[in-house]
Amino acid sequence: MFFERPGGGERAILVHLDGQNPEAREDPQEFQELARSAGADTAAFISVSRHQPTAKYLIGTGKVEELHDLVKAEQVELVIFNHTLSPSQERNLERALECRVLDRTGLILDIFAQRARTHEGKLQVELAQLEHMSTRLIRGWTHLERQKGGIGLRGPGETQLETDRRLLRVRIRQIKQRLDKVRSQREQARRGRKRADIPSVSLVGYTNAGKSTLFNAVTSSEVYAADQLFATLDPTLRRLDLNDFGPIVLADTVGFIRHLPHKLVEAFRATLEESSNSDLLLHVIDAHEPERMAQIEQVMAVLHEIGADGLPMLEVYNKIDLLDGMEPQIQRDADGKPERVWLSARDGLGLDLLKQAIAELLGDDLFVGTLRLPQKLGRLRAQFFSLGAVQSEQHDEAGDFLLALRVPRVELNRLVSREGWKPQEFLEQHTLQ
C-alpha cells in the first residue's frame with residue numbers, strides 16, 4: 001500500500017518557519033525542491049517569522065486562521081511544513097485547516113517511497129514510514145471507541161487503534177529481521193571482495209550534487225540520474241578498471257540532506273554500511289551551489305553518525321561547467337597527495353584526473369618494481385599474471401623471468417609467504433635496483 005502513488009501531483013501550500021536559530025533553520029529553496037520532487041503542485045509559499053514556536057500549532061493562531069482562509073480560497077488538499085511537527089501539532093493543524101498536513105519528515109519519506117525500486121529499498125522505506133506512523137495512528141481512528149457491551153455488540157476487548165498498533169509492531173519486527181538478513185548478505189559480499197583484494201570506493205554527498213551522473217560517466221552505466229532531490233535511493237555497484245592500478249568496485253549511494261530524519265538513517269543503515277566499509281570515499285560536491293559549505297557540514301555529520309567520517313576521502317567538486325574560467329584539475333596537500341578534484345560529470349571533463357587521483361590514493365601501499373624470478377618459481381610467476389600485476393616481462397641471459405610488477409604490497413607478501421619465503425628476504429634477493 002505504501003508504493004501505489006497517485007498519478008498526478010497534489011496542490012499544496014508550503015509553510016516555511018523563519019527566525020529560528022541558525023542550526024535549526026531550514027533552506028526555503030531546498031524545501032521547494034523537495035516539494036517539486038514529491039510531485040506537489042505548489043499553490044502558495046508562505047514564510048512565517050516566528051522566534052518562539054507554539055506548542056499547539058507551531059505557528060500563531062492568527063497565522064493558522066490566515067492559512068485556513070488560503071486553503072479554502074486555493075482549494076488545496078495539502079499543507080506541507082518545512083519543519084518537524086509533533087503528532088499533536090499535526091492533528092491540531094489538520095483539525096483547524098480542514099485538510100491534510102505533512103511535515104518535513106513525512107515529505108522526505110514520501111519521496112523515498114516513490115524512488116524505491118529494489119526489494120531492499122522498499123523494505124527500508126516501509127520500516128521508516130511505519131515507525132513514523134506509529135506515533136500518528138490515532139488521527140485515523142478518533143471516531144472509534146472501545147466496543148460497547150450487549151448482545152451482538154461485544155467486541156474482543158481491543159480498540160481498532162490497539163489492533164493497528166499491535167499489527168504495526170509485528171510488521172516492524174518482520175521488516176527488521178529481513179533487513180538483518182540483507183545486511184549479512186552484504187557483509188558476505190564485502191568479505192568476498194576483500195579476499196579478492198578488490199578495493200571498494202563509494203560516492204557520497206549531498207542530494208543532487210551529481211553523484212549518479214558522475215557514476216554513469218565513469219563506469220559507462222545507465223543508472224537513473226535526474227535534476228531532482230533523491231533521484232538515487234538504491235545503491236548500485238560496478239567494477240571499474242583503473243590504469244596503473246587494477247580493478248575497483250565503485251558504489252553509488254543515496255544522497256544526504258540537511259537534518260536527515262534519524263528514522264531514515266536507522267532504516268537505511270544496511271545501505272549506508274556500503275559507505276562505512278569502503279576503502280575510499282569520493283565526496284561529491286556541487287561546486288556551483290552557494291550553500292556548499294553548509295552542505296559539506298551536513299554530509300560530514302551523517303558520515304559521523306554511520307561511523308564513516310574517519311575513512312580516507314577525496315573531495316570531488318562537480319559541475320565546473322557552470323563556473324566561469326574553472327578548468328579540470330587535481331589539488332594536492334602538502335605531501336603531494338590528491339586532496340580534491342575539479343570536474344564536470346555532465347560534460348565528461350576531468351574524469352581521467354579523477355581516475356588518476358583514485359589510483360594514487362589507493363596505490364599508496366603498492367609495490368612497484370622489477371623482480372627477477374628463477375624458472376623454478378614459475379608457479380609464482382603465473383600467480384602474478386593471474387592478478388593482472390605484471391606490467392611487462394623480459395628474460396635475462398640466465399633465462400630468469402624479469403617481471404615489471406605493480407601490485408598491492410599485502411598481496412605480494414601473501415603470495416611470497418605461501419611459497420615459504422619471508423617477504424623482506426625474498427625482495428632483497430629478487431628485486432632489481
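This is a predicted model: local features need pLDDT of at least 70, side-chain atom pairs count only at pLDDT 80 or more; totals for chains, interfaces and linings use all residues.
The protein has 14 helices and 15 strands. Residues are numbered from 1 along each chain as its sequence is written, and side-chain values use heavy atoms, with hydrogens and water left out.

Whole-chain numbers next. Of the 433 residues, 48% are buried. Buried means under 20% relative accessible area, exposed means over 50%, and partly exposed lies in between, with a 1.4 Å probe and protein chains only. The protein exposes about 21,800 Å², and carbon and sulfur atoms supply 46% of that. Accessible areas come from Shrake-Rupley with a 1.4 Å probe, and for residues only the protein chains shown count as cover. Now contacts, meaning heavy atoms within 4.5 Å. Take those with a separation of 6 or more: residues 24 or more positions apart account for 69% of them.

On to helix pairs. Two packed helices are described by the angle between their axes and the distance between the axes. Axes here are lines fitted to C-alpha atoms, for helices over the stretch in contact, and angles run from 0 to 180 degrees between N-to-C directions. Under 35 degrees counts as roughly parallel, over 145 as roughly antiparallel, 65 to 115 as roughly perpendicular, and the rest as oblique.

Start with α2, residues 61-74, and α3, residues 87-97. They pack at about 55°, axes 9 Å apart. The two helices are therefore oblique to each other. The crossing of α2 over α3 is right-handed. From α2 come Val64, Leu67, His68 and Val71; they meet Leu93, Ala96 and Leu97 of α3. By class, this contact has six nonpolar residues, one polar and no charged. For the classes, Ala, Val, Leu, Ile, Met, Phe, Trp, Tyr, Cys and Pro are nonpolar, Asp, Glu, Lys and Arg are charged, and the others, Gly among them, are polar.

Stay with these two helices for the backbone. Gln75 sits in the loop between α2 and β3 (78-81). Its phi is positive, about 55°, although Gln75 is not a glycine. Buried or exposed? Gln75 is exposed, at 64% relative accessible area. Glu98 lies in the loop between α3 and β4 (100-102). The phi of Glu98 is positive too, near 60°, and again the residue is not a glycine. Glu98 counts as exposed at 52% relative accessibility.

Next pair: α4, residues 104-115, and α5, residues 119-133. Their angle is about 155°, with axes 10 Å apart. That makes α4 roughly antiparallel to α5. Here the crossing is left-handed. Which residues meet? Thr105, Gly106, Leu109, Phe112 and Ala113 from α4; Val125, Ala128, Gln129 and His132 from α5.

Now α7, residues 211-219. How many of its nine residues are buried? Seven, so the helix is mostly covered. They are Lys211, Ser212, Leu214, Phe215, Asn216, Val218 and Thr219. What do they pack against? Strands β5 (200-205), β6 (236-242), β7 (246-252), β8 (280-286) and β9 (313-318), plus helix α11 (351-362). After α7 comes Ser220, with a positive phi near 55°.

Look at α7 against α11. The axes come within 11 Å and cross at roughly 85°. That makes α7 roughly perpendicular to α11. Leu214, Ala217 and Val218 of α7 make the contact with Leu351, Leu354 and Lys355 of α11. Five of the contact residues are nonpolar, none polar and one charged.

Last stop: Leu371, in strand β12, residues 366-373. Leu371 is buried, with 0% relative accessible area. What does Leu371 touch, leaving out residues up to four places away in sequence? Phe384, Phe401, Leu402, Leu403, Leu405, Leu412, Phe426, Leu427, His430 and Thr431. As for Asp400, its C-alpha is 9.7 Å from that of Leu371, and the two are 29 residues apart in sequence.

Terms used. Helices (H or I, at least four residues) and strands (E, at least two) are DSSP runs, numbered from the N terminus. A crossing is left-handed if the near helix is turned anticlockwise from the far one by less than a right angle, and right-handed if clockwise.
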